[in-house]
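I opened this entry to record what I looked up on the contact between the domains and on the aromatic pairs.

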Amino acid sequence: MKQSVLAVNNLNISVQERLLIKSLSFVISDGSLTCITGDNGVGKTTLIKTLLRSVETKNEQIDFSVKKSDIQLVPQFRDIDDEYPLRIQDFVALSLQKGMLPWLKKEEKIRLKRVLSDTNLTDIANESLGRASGGEKQRAYLAQALITDPRLLILDESTANLDKKSRHILLALVKTIIKNKSLAVIFITHDPELVDLFGDYELHIENKTGTFKKLTGEDADV
């Protein structure tokens, strides 16, 4: 049975006294991919920032059942150019306490090996991240987030700069990881095809209103 990771009830979100979203309610459950959609400027990123700020504070409208350390955010942009020197496996390991090989503990090395395998990076683990393709970089960003064994993963338009094949590969990989680890994933996207193919739920924001729906069921204005 799926469990709630995050429940939002009747939340209003404003920026500089301008109302962006009103009376927003939805639930994020483990083992599911929830897509947040809507035009630029409707408040998708502001919503995520609002949620993350409330993780360890009391808020009657936002109820997390996980700790801050159980949440990982993969941002849309990283300042990594072609000359970035770290190997992919060292970049992924940065989220661990020791940071890089060979200083990792035995159990950390095992965890690193596992997450590289889960994200199909084993064969290129020793290559420079700067020289990796766009799709390989995104898988490395994903792996760096997953190595901490989060319960909630937030992907902020992670497929925006990828070609169609790479987008599908990344989302198919995410869905496999969700199934194997009962991970909850929030995916901010402008790509309706990815929503239709991979989403379990959609939160669409338009005209200051969020419409939350199970993608195989009926719409529900919230």
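**Domain interface.** I first looked up the area buried between domain 1 and domain 2, and it is about 910 Å², with carbon and sulfur atoms giving 75% of it. Buried area here is the accessible area (1.4 Å probe) that two parts lose on being put together, summed over both. In domain 1, I noted that Leu173, Ile177 and Lys181 lose the most area to domain 2, together 42% of what that side buries.

**Basis.** I note that this is a predicted model, in which local features need pLDDT of at least 70 and side-chain atom pairs count only at pLDDT 80 or more, while totals for chains, interfaces and linings use all residues. Residues are numbered from 1 along each chain as its sequence is written, and side-chain values use heavy atoms, with hydrogens and water left out.

**Domain bounds.** I read domain 1 as 1-66 + 151-221 and domain 2 as 82-149; such bounds come from an automatic or database domain assignment. Taken over C-alpha atoms, the domain centres are 26 Å apart. I found twelve residues of domain 1 in contact with twelve residues of domain 2, contact meaning heavy atoms within 4.5 Å.

**Salt bridge.** Between the two domains I recorded one salt bridge, defined as a side-chain nitrogen of Lys or Arg within 4 Å of a carboxyl oxygen of Asp or Glu. Aspartate 118 and lysine 181 form a salt bridge, with 3.8 Å between the closest N and O atoms.

**Elements at the interface.** Strand S6 (152-156) and helix H5 (164-181) each supply at least two residues of the domain 1 side that touches domain 2. H5 gives the most to that side, with six residues. I took helices (H or I, at least four residues) and strands (E, at least two) as DSSP runs, numbered from the N terminus.

**Aromatic pairs.** I counted four aromatic pairs in the structure; rings of Phe, Tyr and Trp (its six-membered ring) pair if their centres lie within 6.5 Å, and planes under 30 degrees apart count as stacked, over 60 as edge-to-face and the rest as tilted. Tyrosine 201 and phenylalanine 212 have ring centres 5.7 Å apart and planes at 5°, so the pair is stacked.
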